Amino acid sequence: MAKATSPADLAITPRDYRFGRDQKMGRWWLNNDPYATAFYNALSVTFPKGEGFFIDSVRSFRDGTPPKLAGEIQAFIKQEVIHTREHVAFNRHVTDQGYDVTLLERHVDKALSMTKGRPAIANLAATMALEHFTAIIAQQLIANPKHLAGGEQQPAAMWRWHASEEIEHKGVAYDTWLHATRDWPRFTRWRIKALVMILTTIKFFNGRRKGMLELLRQDGLTGPLVWARMAWFVFGNPGMGRKIAGAWVSFFLPGFHPWNHDDRKLIALAESEYEAAILPRTTKALVAA
Ligand SMILES: [Fe+2]
Ligand SMILES: [Fe+2]
């Protein structure tokens, strides 16, 4: 039976790590594959501003929340702030490799400009939907080693670390939404939630599709065959889009809650994998001290 609540013993712990600062990242850092690299690079460009939007949306509903949720919102904000910092650093590696991400940033600005002047609850709803999206991508990223196989150590570790924290805080925006809409009729709440999920999914896919195509264009890859190979990467093999489809659908089912599926073991699994990438720096710091 679904619990429809976050685990009572859930601890959201910001892990303040830095990745890849003193290293150069390859142009095609993921498996020497321009498609795989473009997928993650295009996604990363959205994070600094996107996560800023998530933070603002959730923070504006913090007042009046029960103490446990208020604490989780605080931890969520801390995690997202650190994610932003690491994706700014990652994106710098991307531009260092000669990519121009101006157009991709413009797509993000355009999407975010639509949220200006809207009721705060609409922005919270969009955040709640996108956080579910992020969490199911994160689950897939850690659970299926295929996605980051062949990736350079530092960027792959950064993505695993980010994914693990997205799993850890996956219920925060949802619980904030549940609290903010606690007086709404059940069906209204579901209708808005479902509508917002569909709209944000379309926007999200469209935006990232355009972003990937632009980065591939800068690699000299254009035309219908490139479109087909890109679609194969997303929906065929490794097929992130196909593999998250079931978890995406679960969002619409009655009694849905992100923690109905307790996947905390993936957090520990990711930690064991990215630790190798952060240990050398810790050792260096100790030696320097
Ligand atoms: Fe994040
Ligand atoms: Fe998040």
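Which residues in α1 meet W159, H162 and E166 in α5? They are Y40, L43, S44, F47 and E51, where contact means heavy atoms within 4.5 Å. The model is predicted: local features need pLDDT of at least 70, side-chain atom pairs count only at pLDDT 80 or more, and totals for chains, interfaces and linings use all residues. Residues are numbered from 1 along each chain as its sequence is written, chains are lettered from A and ligands numbered from 1 in the order in which they are written, and side-chain values use heavy atoms, with hydrogens and water left out.

Helix α1 spans residues 34-59, and helix α5 covers residues 153-168. Helices (H or I, at least four residues) and strands (E, at least two) are DSSP runs, numbered from the N terminus. The axes of α1 and α5 come within 13 Å and cross at roughly 50 degrees. Axes here are lines fitted to C-alpha atoms, for helices over the stretch in contact, and angles run from 0 to 180 degrees between N-to-C directions. The arrangement of α1 and α5 is therefore oblique; angles under 35 degrees count as roughly parallel, over 145 as roughly antiparallel, 65 to 115 as roughly perpendicular and the rest as oblique. The crossing of α1 and α5 is left-handed, a term used if the near helix is turned anticlockwise from the far one by less than a right angle, with right-handed used if clockwise. The contact of α1 with α5 comprises 4 nonpolar, 2 polar and 2 charged residues. In this classification Ala, Val, Leu, Ile, Met, Phe, Trp, Tyr, Cys and Pro count as nonpolar, Asp, Glu, Lys and Arg as charged, and the others, Gly among them, as polar.

Helix α2 (residues 67-96) packs against α1 at an angle of about 155 degrees, with the axes 9 Å apart. The two helices α1 and α2 are therefore roughly antiparallel, and their crossing is left-handed. On the α1 side the contact includes Y40, S44, F47 and E51, while H87 and F90 are among the residues of α2 that take part. By class, this contact of α1 with α2 has 14 nonpolar, 6 polar and 3 charged residues.

Helix α8 (residues 224-235) meets α1 at about 65 degrees, with axes 10 Å apart, so α1 is roughly perpendicular to α8. Here Y35, A36 and F39 of α1 contact V226, R229, M230, F233 and V234 of α8. These residues divide into 7 nonpolar, no polar and 1 charged. The crossing of α1 and α8 is right-handed.

The largest nonpolar core has 80 residues, and W29, Y40 and W159 have the most contacts inside it. Such a core is a set of buried Ala, Val, Leu, Ile, Met, Phe, Trp, Tyr and Cys residues joined through side-chain atoms within 4.5 Å. Helix α1 gives the most to this core, with 13 residues. Not counting residues up to four places away in sequence, W159 touches W29, Y40, L43, S44, F47, H87, F90, L141 and L148.

Some backbone features remain. In the segment before α1, N31 has a positive phi of about 65 degrees although it is not a glycine. N31 counts as partly exposed because its relative accessibility is 48%; buried means under 20% relative accessible area, exposed over 50%, and partly exposed in between (1.4 Å probe, protein chains only). N32, also in the segment before α1, has a positive phi near 55 degrees and counts as exposed at 59% relative accessibility.
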